[in-house]
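The following questions and answers work through a single structure. Please consult the sequence and the coordinates alongside each answer.

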Amino acid sequence: MKFDIDAFNKKRAAAFNQHKTILKKLSKGQALFCEHCKQPLQLDLNQTDKHQGLVSCGKGCTHIELELG
Ligand SMILES: [Zn+2]
């Protein structure tokens, strides 16, 4: 049996790229909005783990942990 590592990697890469795009836009001061509640997304870089940032909306339906590398 063959584990489909390709599909797994593609999924991971897609999520990673999406996070990178979000981070890029927010760090440029560009506004992004939660797709659920339409509230502005905020970037919080003061996480306990310094390699992580948190993107969230006011209501909490968006909660994305970003890898900062
Ligand atoms: Zn929201």
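Q: Is Cys57 buried or exposed?
A: In this predicted model, Cys57 has a relative accessible area of 6%. Buried residues are those under 20%, so Cys57 is classed as buried.

Q: Which atoms coordinate the zinc ion?
A: The zinc ion has its coordinating atoms at 2.2 to 2.4 Å. Cys57 and Cys61 are among the residues that provide them.

Q: What is the geometry of the zinc ion site?
A: Four donor atoms surround the zinc ion, with angles of 107 to 115° among them. Four donors count as tetrahedral if all angles lie between 85 and 135 degrees. The site is therefore tetrahedral.

Q: How many disulfides does a search of the whole structure find?
A: A disulfide is a covalent bond between the sulfur atoms of two cysteines. The search, made over the whole structure, gives a count of zero.

Q: Where is Cys34 placed, and is Cys34 buried or exposed?
A: Cys34 has its place in the loop between H1 and E1. The C-alpha atom of Cys34 is separated by 14 Å from that of Glu65, 31 residues apart along the chain. With a relative accessible area of 1%, Cys34 is buried.

Q: What is the phi of Lys38?
A: Lys38 is found in the loop between H1 and E1 and is exposed, with a relative accessible area of 57%. Most residues other than glycine have a negative phi. Lys38, by contrast, has a positive phi, near 65°.

Q: What is the volume of the largest pocket?
A: The volume of the largest pocket is about 170 Å³.

Q: Which element supplies the largest share of the lining of the largest cavity?
A: The structure holds one cavity of 30 Å³ or more, and the largest cavity has a volume of about 40 Å³. Its lining consists of Phe16, His19, Lys20, Leu23, Leu66 and Glu67, which divide into three nonpolar, one polar and two charged residues. H1 and E3 each supply at least two residues of this lining. The largest share, four residues, comes from H1.

Q: How far apart in space are Ala15 and Asp4, C-alpha to C-alpha?
A: Ala15 is found in helix H1 and is partly exposed, with a relative accessible area of 32%. Ala15 and Asp4 are 11 residues apart in sequence. Their C-alpha to C-alpha distance is 17 Å.

Note on methods:
Residues are numbered from 1 along each chain as its sequence is written. This is a predicted model: local features need pLDDT of at least 70, side-chain atom pairs count only at pLDDT 80 or more; totals for chains, interfaces and linings use all residues. Side-chain values use heavy atoms; hydrogens and water are left out. A disulfide is a pair of cysteine sulfur atoms within 2.5 Å. Buried means under 20% relative accessible area, exposed over 50%, partly exposed in between (1.4 Å probe, protein chains only). Donors are N, O and S atoms within 2.8 Å of the metal (3.2 Å for Na, K and Ca); water is not among the atoms, so sites may look incomplete. Four donors count as tetrahedral if all angles lie between 85 and 135 degrees; four count as square planar and six as octahedral if opposite donors are over 155 degrees apart and all others between 65 and 115; anything else is irregular. On a 1 Å grid over the protein atoms alone, a cavity is a set of points where a 1.4 Å probe fits but cannot get out, and a pocket is an open set with protein on both sides within 12 Å along at least five of seven lines; lining residues have an atom within 4 Å of a point. Grid points are joined across faces, edges and corners, and a volume is the space filled by probe spheres set on the points. Ala, Val, Leu, Ile, Met, Phe, Trp, Tyr, Cys and Pro count as nonpolar, Asp, Glu, Lys and Arg as charged, and the others, Gly among them, as polar.
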